[in-house]
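Please look over the chain and its fold below. A short report on selected features follows.

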Amino acid sequence: MKFIKILFISIVAIVLVLAVTFFFTKGILLAKIKTTIIKKVETAINRKIDVGGISYLPHKGLALRNLRIYRESQPKDAISIKSIFTKIDLARLFKSREIYATLILEGAKSRSIVAGGVVSIESAGFKKLLKPLENFALKEIDIKRIDVNTPYFNVANIKGVISFKENEISAPGIQLNYQNKPYTISFDVKNAKTQPDLNISLLGADLKAMGRIKKTERDLYVIEKSNVQYLDSHLECNGEISNLKNPILLLSGNLSLNTQDLSSMSPKLEQQLGRLNLAGIVDNEFYFRGPINNLSKWQTGLKSHSRGIKILDFALDDITLNVKMEDGMLSIPIFTAYPYGGVVNSSFRMNFAERGVPYSLHMVLKQMNINGIARHSQLKNSKLYGLLDSELTMDGYMADPRTIIGKGYIHIYDANLGPMPLLSPLVGNVYGVLRGMLPALKNVDIRGGACDFVIQKRKIMTENLILWGDALNIKARGYIDFDKNLNFAVENEIKEVDDKTSEGWRKTIVEMMSSVGKMIGKAYLTGTLDKPKWKFEYLGGDKNALGGKLQDTFKGLFE
């Protein structure tokens with residue numbers, strides 16, 4: 001909004017200066033008057049500007065090229081404009097001292113926002129031709145077409161008329177297209193010169209937003225109860241704005257957010273959030289206080305409660321969240337959720353006031369049901385079950401993912417994880433084949449697992465991953481990095497069978513699996529999480545009778 005405001009004021013001032021200057025020069029010696037134009041525009045808008053060049057084209061009018069409008073507080077951060085073509089009706093300027101100008105704006109840019117289009121400006125008559133800003137009054141701005149592009153959204157074909165009366169500004173219907181959908185902005189400002197009273201609305205097929213901002217006797221701008229309904233989400237808020245030069249905003253309200261509505265707000269959000277498969281409704285109470293342009297001075301609070309949140313097919317029931325921000329420090333002292341019969345408790349801190357934005361996270365998860373995870377994933381038809389405990393501590397700087405360090409553990413117990421083919425290739429697929437041949441093998445599954453891990457150098461590393469079952473243990477050490485690359489060394493450990501207590505079928509199976517284990521020996525898991533690759537060392541080889549018979553059969557299953 002500040003970009004649009006600065007751009008609008010600058011364009012009006014440029015039109016006035018160009019109108020008067022061109023009237024007196026008649027296009028002669030344009031190069032010599034560039035300094036005069038810069039000086040007058042800087043005085044009008046109270047900002048420093050640079051102009052790369054000035055020229056006159058009969059079919060487009062007077063042109064300023066390569067403009068830069070500098071921000072007062074950030075001199076290195078300027079609004080740049082590739083060119084402004086201004087065609088002025090000189091007859092009206094000379095006869096009635098009215099300005100009617102058509103502007104073609106090309107390549108106006110502020111940071112990542114780019115705008116361009118065609119606008120007509122009409123003024124009421126003014127008395128002093130040499131000083132048009134004295135007693136100058138806008139009559140009408142006719143937006144023929146403006147397009148605005150940002151990394152997150154594009155607004156196309158903005159058009160409509162803004163009318164200026166003695167003490168009122170109004171726009172009964174400015175049309176625009178957003179994601180190929182039409183919307184209408186309407187507003188009017190009464191008592192514009194003394195106590196502005198703004199009513200504004202934005203309407204579309206999926207959006208209804210209405211609000212009012214009114215200046216009070218105390219020189220505050222009060223935001224009266226405002227409402228926004230977007231698809232299935234609803235916002236109510238009120239507050240106030242003070243000190244317009246360096247605005248301080250106070251805002252509080254309620255937001256009921258259907259998370260799936262976020263994806264439809266912009267293609268960029270849809271792309272980013274689509275990977276999360278986000279679903280569910282979050283009810284929020286919030287407040288905000290602070291200078292809009294100074295993040296380190298923000299004070300915020302948020303209390304949230306969810307209904308059926310789902311992220312990456314991971315369900316989080318009954319979320320309770322408290323968020324606070326003060327002096328640049330964002331803290332989440334309370335985050336509680338109940339996923340799949342378990343409980344998650346975590347806390348989080350992030351310091352925006354410190355260079356690099358350091359953060360820290362601590363999370364504890366207890367007694368989460370693995371069967372619940374499986375039901376909401378590609379394993380929904382499996383019979384996996386068990387309980388999961390985990391803990392994670394992590395620190396780093398948001399500015400650089402390489403700084404992340406952390407540690408934690410995972411413990412799975414009271415479980416049946418099946419043969420786990422990804423993590424147990426030494427027996428995984430072999431085990432699956434034997435299960436088909438000998439149904440009784442279903443009683444010999446992996447019953448639990450555990451590991452400690454550390455996070456550093458963009459890797460999650462472990463030296464003691466173990467999965468255990470009635471007949472075998474599977475051990476691994478290695479890492480998965482942040483790009484999902486795998487590097488694990490894996491080996492099996494066949495458990496001995498007590499001849500006196502074991503059933504005959506179980507003894508036979510364990511003997512067969514032991515032979516297969518000797519034949520395969522060790523394995524190395526590489527590739528990526530999406531496309532894992534296995535490499536095996538066949539210790540028994542052809543010298544092992546069972547190995548000689550099974551090697552060709554099972555080798556194809558792994559490589």
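## Model and overall make-up

This is a predicted model, in which local features need pLDDT of at least 70, side-chain atom pairs count only at pLDDT 80 or more, and totals for chains, interfaces and linings use all residues. Residues are numbered from 1 along each chain as its sequence is written, and side-chain values use heavy atoms, with hydrogens and water left out.

The protein comes to nine helices and 28 strands. Both are DSSP runs numbered from the N terminus: helices are H or I with at least four residues, strands are E with at least two. Of the 559 residues, 41% count as buried. Buried means under 20% relative accessible area, exposed means over 50%, and partly exposed lies in between (1.4 Å probe, protein chains only). Among contacts between residues at least 6 apart in sequence, 42% join residues at least 24 apart. A contact means heavy atoms within 4.5 Å.

## Nonpolar cores

The largest nonpolar core has 45 residues. A nonpolar core is a set of buried Ala, Val, Leu, Ile, Met, Phe, Trp, Tyr and Cys residues joined through side-chain atoms within 4.5 Å. Ile 319, Phe 335, Met 394 and Phe 488 have the most contacts inside the largest core. Strand 17 (residues 314-326) gives this core its largest share, six residues. Another core lies apart from it and has 41 residues, among them Val 119, Ile 162, Val 189 and Ala 209.

Take Phe 488 from the largest core. Residues up to four places away in sequence aside, Phe 488 touches Thr 462, Ala 476, Arg 477, Gly 478, Tyr 479, Ile 480, Ala 523, Tyr 524 and Leu 525. Tyr 479 also has a charge over its ring: the charged end of Lys 459 sits there, 4.2 Å from the ring centre. For this, NZ of Lys or CZ of Arg must be within 6 Å of the ring centre and within 35 degrees of the ring normal.

How many aromatic pairs does the structure hold? There are four. Rings of Phe, Tyr and Trp (its six-membered ring) pair if their centres lie within 6.5 Å; planes under 30 degrees apart count as stacked, over 60 as edge-to-face and the rest as tilted. Phe 153 and Tyr 178 form an edge-to-face pair, 6.1 Å centre to centre with 75° between the planes. Phe 153 lies in the loop between strand 6 (138-149) and strand 7 (154-164), and Tyr 178 lies in strand 8 (residues 168-178), so the pair ties together parts that are 25 residues apart in sequence. Phe 153 is partly exposed at 36% relative accessibility. Tyr 178 is buried at 15%.

Asp 206 sits in the loop between strand 10 (197-204) and strand 11 (207-215). Is Asp 206 buried or exposed? Asp 206 counts as buried, at 11% relative accessibility. Beyond its neighbours within four places in sequence, Asp 206 contacts Lys 181, Tyr 183, Gln 229, Tyr 230 and Leu 231.

## Positive phi in two loops

Asn 180 is not a glycine, yet its phi is positive, near 65°. Asn 180 lies in the loop between strand 8 and strand 9 (181-190). At 78% relative accessibility, this residue is exposed.

Tyr 340 is not a glycine either, and has a positive phi of about 50°. Its loop runs between strand 18 (329-338) and strand 19 (343-351). Tyr 340 is buried, at 9% relative accessibility.

Ile 405 belongs to strand 22 (residues 400-416). Its relative accessible area is 48%, partly exposed. Ile 405 and Arg 458 are 53 residues apart in sequence, and their C-alpha atoms are 8.3 Å apart. Neighbours within four places aside, Ile 405 contacts Thr 393, Met 394, Asp 395, Ile 455 and Gln 456.

Val 161 is in strand 7. It is partly exposed at 28% relative accessibility. Val 161 and Gly 173 are twelve residues apart in sequence and 7.6 Å apart in space, C-alpha to C-alpha.
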